[in-house]
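Here is a friendly briefing to read with the model open beside you.

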Amino acid sequence: MHIPFHITICGLDELAAHANMRVTHVLSILDPAHPVPEVFGTYGEHEKLELRFDDIIDETPGKTAPSEADVQALLTFGRAVVREPRPGAHLLVHCHAGISRSSASMALLVAQAAPSHSGTEIFTELLRIRPQIWPNLRLVELGDAALNRGGDLVAAARQVYAQQIAREPRLVDYFRSLGRERELNAALAAP
């Protein structure tokens with residue numbers, strides 16, 4: 001699969017390991033009250049977009065859900081990565097654990113940069129580089145709509161959930177405890 005930049009997905013505890021990886025662009029997704037990671041001071045020159053929202057898929061009192069404005073901001077950032085190509089461009093997307101918000105966001109950025117690839121191809125590539133992904137369904141839904149993908153990315157995310165549950169059945173109880181029933185139901189509906 002051709003993507004016009006190198007991609008990395010990681011969590012907060014892995015950021016230091018990427019400081020010498022010539023990262024040119026960072027999409028930093030943080031919980032609303034989390035401090036800015038100091039490690040970015042060791043990254044050298046890079047473009048950065050910071051978004052702040054909780055890892056939830058439905059409106060929840062006291063929490064900040066990903067919004068259409070967040071998706072538009074990350075897609076605008078992604079267009080800049082492609083519009084101003086640098087030799088060896090390297091996009092790093094992180095969230096707290098490097099599993100949900102970051103994988104959904106990277107899927108949207110890759111779908112925008114390589115629109116001829118199907119959602120299944122995109123998520124297969126993300127699973128190859130980050131086997132533990134579980135993309136945030138709300139972000140995928142908002143991004144699928146913003147990119148006019150007609151449900152392609154949502155269907156592919158459902159396949160990811162089903163694969164992850166088949167590999168690790170305990171994930172059902174874990175994501176149920178987080179109030180993410182819609183993702184579990186999507187996994188059960190996946191072909």
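In this predicted model, Leucine 142 touches Pro66, Ser67, Glu68 and Val71, leaving aside residues up to four places away in sequence. Leucine 142 itself belongs to helix 4, which covers residues 137-146. Its C-alpha lies 8.8 Å from that of proline 66, although leucine 142 and proline 66 are 76 residues apart in sequence.

- An open sheet is built from four strands in the order 1-4-2-3, and the pairing is parallel.
- Which strands stand at the edges? They are strand 1 (6-11) and strand 3 (47-52); each has a single partner strand, so one side of each has no neighbour in the sheet.
- On average, neighbouring strands of this sheet are turned by 15 degrees against each other, with direction ignored.
- Six bridges join strand 1 and strand 4 (residues 90-95) in the parallel sense.
- Glycine 11 has cysteine 95, in strand 4, as its bridge partner.
- Helix 1 (residues 68-83) packs on the sheet, where it touches strand 2 (25-30), strand 3 and strand 4. The direction of helix 1 makes about 170 degrees with that of strand 3.

**Helix 5 against helix 7**

- Two packed helices are described by the angle between their axes and the distance between the axes.
- For helix 5 (residues 152-167) and helix 7 (residues 181-189), the axes come within 7 Å and cross at roughly 90 degrees.
- Helix 5 and helix 7 are therefore roughly perpendicular to each other, as angles of 65 to 115 degrees count as such.
- On the helix 5 side the contact involves Arg158, Tyr161, Ala162 and Ile165, and these meet Glu183, Leu184, Ala186 and Ala187 in helix 7.
- Sorted by class, this contact of helix 5 with helix 7 has six nonpolar residues, two charged residues and no polar ones.

**The largest pocket**

- What is the volume of the largest pocket? The computed value is about 530 Å³.
- The largest pocket is lined by 24 residues, and those closest to its centre are Asp55, Ala97, Tyr174, Leu178 and Arg180.
- Helix 5 and helix 6 (171-177) are the elements that give two or more residues to this lining.
- Helix 6 supplies the largest share of the lining, with three residues.
- By class, the lining of the largest pocket holds 10 nonpolar, nine charged and five polar residues.

Note on methods
Residues are numbered from 1 along each chain as its sequence is written. This is a predicted model: local features need pLDDT of at least 70, side-chain atom pairs count only at pLDDT 80 or more; totals for chains, interfaces and linings use all residues. Side-chain values use heavy atoms; hydrogens and water are left out. Axes are lines fitted to C-alpha atoms, for helices over the stretch in contact, and angles run from 0 to 180 degrees between N-to-C directions. Angles under 35 degrees count as roughly parallel, over 145 as roughly antiparallel, 65 to 115 as roughly perpendicular and the rest as oblique. Contact means heavy atoms within 4.5 Å. Ala, Val, Leu, Ile, Met, Phe, Trp, Tyr, Cys and Pro count as nonpolar, Asp, Glu, Lys and Arg as charged, and the others, Gly among them, as polar. Two strands pair if DSSP finds at least two bridges between them. On a 1 Å grid over the protein atoms alone, a cavity is a set of points where a 1.4 Å probe fits but cannot get out, and a pocket is an open set with protein on both sides within 12 Å along at least five of seven lines; lining residues have an atom within 4 Å of a point. Grid points are joined across faces, edges and corners, and a volume is the space filled by probe spheres set on the points.
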